[in-house]
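Hi everyone, thanks for making time.

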Amino acid sequence: MALVRVISSDGAAFLVSQRLAKRSGKLKTEIETFRKSSDNSEAQPEIRIVTIRAEILRLVLQWLQQHQNDPVLPANQNEQDGRGDAEMGQSQWDRDFLAPMDLGIVMELILAANHLEVKGLLDITCKLVESKITGRTVDEIRTAFKLKSDFKGNEEEQTRLENRWCVEN
Amino acid sequence: MDLNGTSKEVEEEVSQHYVSPPVTPEIAPTPPPPHLSGETCWDNLPPEVQEMVVEKLGDKPKLLRYRLVSSSWKKTVDMILERQFLSVWTEWEPFEQYPYKMNMHDYYDYICGYDELEDDDRNPTTGVILARAIIAGVPRLRPIWSHFAEHDRKANLIPSFDHHLPAVHNPKLGSPIPSNCLRIRFNDKIWPEIKRFERSRRAKTLADFVVKYDHCFSYLRALLLTDIEISPSNLATILGKLTNLRALTLEDTLLHVEPETQEENAVLPLHSNLSHLRIISTNSSASQLILKAYHEQVISLETNCWVPLFSKPYGNLKRLKLITNLKPDAQFRQGEENPFPALKYLSIIIHEGHVFEWDELSRTIDACPRTLINLYLDIEPRWETEEDKIRQLAMSQVTIPNVKTLGIFLPTIPQHAECLRRLILPKFPSVQQINLISGSWGCRSAIHGKSENETEVYDREEVIRRLNAAKIVAKNVERMVLELQFYATVCPKLEYIVII
């Protein structure tokens, strides 16, 4: 079986089947690039992902493995039928998979899924973030994301006034 | 590899899949950088991912609230709203946009309006007009502009408006106009006692205002001017400050050259990004001034005022939508050069009451640029009443080779359906989808049994079923059905017939 070595930013190597790896758009491209540039068709590709650390990369690969038989979702599914992709793809397994993660890990996972072009994973993680934001006040959002408002002086008040161009008052 | 993943080969290999933990790290793991330690890193997400998350959070009023989270959230929200609003110009929509179809209240922030006033504010005896801002999504109004009748020369933008815009530029906060789209509307026309000089003075006030707050208006990506009378120089002043403008709409807006000034030669500023224009119900000097300045760069153009406009080259124009009372065939043929070398989408909507002879329809089609891939002709040909004369109709052999989607009249009797097949369809050998336009016959509701706004896609059988159900072909149903089925023999690539 054709394998590919995927190496995380902190140097951990994951040996996965090419078939699985190719479900990530990014890895697929990398493998094909490697094939074209390599004389030896038997050579094992090695792909270094400098932006993703081992813990996150492992999660992405776990998710891919779990979903290896899912049909690949067309990129514009959302627009076509008005249904969220996330609902289509989200299973009990996904919920259990995401449950123990704090928002920080989820954000990293979003970043990784985006970088590796794994649409299904990106959808469910975005959906999770969305569920943590919807209905929250501005302060609660800042707390959840550990963000500090960078507005100084009257800047927040200014922004509030700008919004009155188009919000009910 | 087949990513749909159900082939036999894949199934055989599934069992062999494995993901190893970090087995034999060849490089010693280095400590992860601090921002990856599981701490939240919203600001590390790429802007497109931030947009993707935030966009799912709700409609405009909700999104506006998130502008208050931080300056980066503010910019993200503005980007989302900007993209949503710009799609009004950038996405192809061949139909005529009736006011009810595109509810402006949902789409734009804009400044003035008389007809939105509550009755109390309309009372002309008080001599006061309080025009108010429409609130996007919620048509609640707020005083923005006050006009005191002629005796008060201080009529001006009232102070509360100023307070909404920062006096100085703050790069950290970015745009002070949510969505970077703005609609400005004076409603003088329905207030006839406002004299001409008063109207142009208002336009001057607006121009001064834009100059004073140019640090705010330079963010604007789209501007709509509605119900305004303005001089060329004031228009040039306003546009000159909108350095990032991509889309411009002039609607019911008149351009007036003041007799005492020498501004016939006013030139509009260069705007390299301005590429989407809608010029609706303006006087011809307004459309001429705009198109003279931007004809070479415009990518999409919608206009109902076009007689003298197309003698110039429109080298980048991809989408053209004409709503007109005139017959377009002569216009297209003026001059030897095709003024639209890049045109892909063309929509011609002829208003009711202007009937085409068949040879005019033929000439119009023949004059279409060969580059078209999408053609929408809302034109009703004049029908002969005698079947023999219908048989004798003929058209040229000219073809428009690349058209894939064709919008054309909905035939309502078999003879007309036969004409469509025999005369028009052979001109479009690559057509994949035929949209039969039912709107102008008023039979849309008869066919759909529902509101006019809805567009539905059916396969051929469904179309036939609907035609039957609507009884618009009460006689000769079988022949009509037969004709529609013949369409596929004329157009080998035909996949859909759609009633719109």
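Before the first stop, a quick word on terms: helices here are DSSP runs of H or I with at least four residues, and they are numbered from the N terminus. Also keep in mind that what you see is a predicted model.

With that, go to helix α6 of chain A, residues 92–98. W93(A) and F97(A) both sit in this helix, four residues apart, which is about one turn. How do the two rings lie relative to each other? Their centres are 4.9 Å apart and the planes make an angle of 15 degrees, so W93(A) and F97(A) are stacked, given that stacked covers planes under 30 degrees apart. As for cover, W93(A) is partly exposed at 29% relative accessible area, whereas F97(A) comes in at 9% and counts as buried.

Now compare a pair in chain B. Y314(B) and F340(B) are 5.8 Å apart centre to centre, with 45 degrees between the planes, which makes the pair tilted. This one links distant parts of the chain, 26 residues apart. Y314(B) is in the loop between β10 and β11, and F340(B) is in the loop between α12 and β12. Buried or exposed, for Y314(B)? Buried, with a relative accessible area of 0%, and F340(B) is buried too, at 1%. Over all chains, the count of aromatic pairs comes to five.

Let me zoom out to chain A for a moment. It has 10 helices and three strands, and from the N terminus the order is β-β-α-α-β-α-α-α-α-α-α-α-α. Of its 169 residues, 50% count as buried. If you take contacts in chain A between residues at least 6 apart in sequence, 61% of them join residues at least 24 apart. The chain exposes about 7900 Å², and carbon and sulfur atoms supply 48% of that.

Back to chain B, and helix α11, residues 284–294. Which of its residues are buried? They are A286(B), S287(B), L289(B), I290(B), L291(B) and Y294(B). The cover over them includes α10, β7, β8, β9 and β10 of chain B.

While we're in that part of the chain, look at S275(B), in the loop between β8 and β9. S275(B) is buried, at 8% relative accessible area. Leaving out residues up to four places away in sequence, S275(B) touches R246(B), Q297(B), V298(B), I299(B) and S300(B).

β10(B) gives the most, with three residues.

Last, confidence. The predictor gives the complex an ipTM of 0.71 and a pTM of 0.70. Chain B averages a pLDDT of 67, and 59% of its residues score at least 70. Where does pLDDT stay under 50 in chain B? One stretch is residues 440–458, for which the model has 37 contacts beyond four places in sequence. Another is residues 470–476, with 11 such contacts.

Key:
Residues numbered from 1 in each chain as written. Chains lettered and ligands numbered in written order. Predicted model: local features only at pLDDT ≥ 70, side-chain atom pairs only at ≥ 80, totals over all residues. Heavy atoms only, no water. Phe/Tyr/Trp six-rings, centres within 6.5 Å; stacked < 30°, edge-to-face > 60°. Helix = DSSP H or I, 4+ residues; strand = E, 2+ residues; numbered from the N terminus. Buried < 20%, exposed > 50% of the residue type's maximum accessible area, 1.4 Å probe, protein only. pLDDT = per-residue confidence, 0-100. Contact = heavy atoms within 4.5 Å. Areas by Shrake-Rupley, 256 points an atom, 1.4 Å probe, with all protein chains shown as cover.
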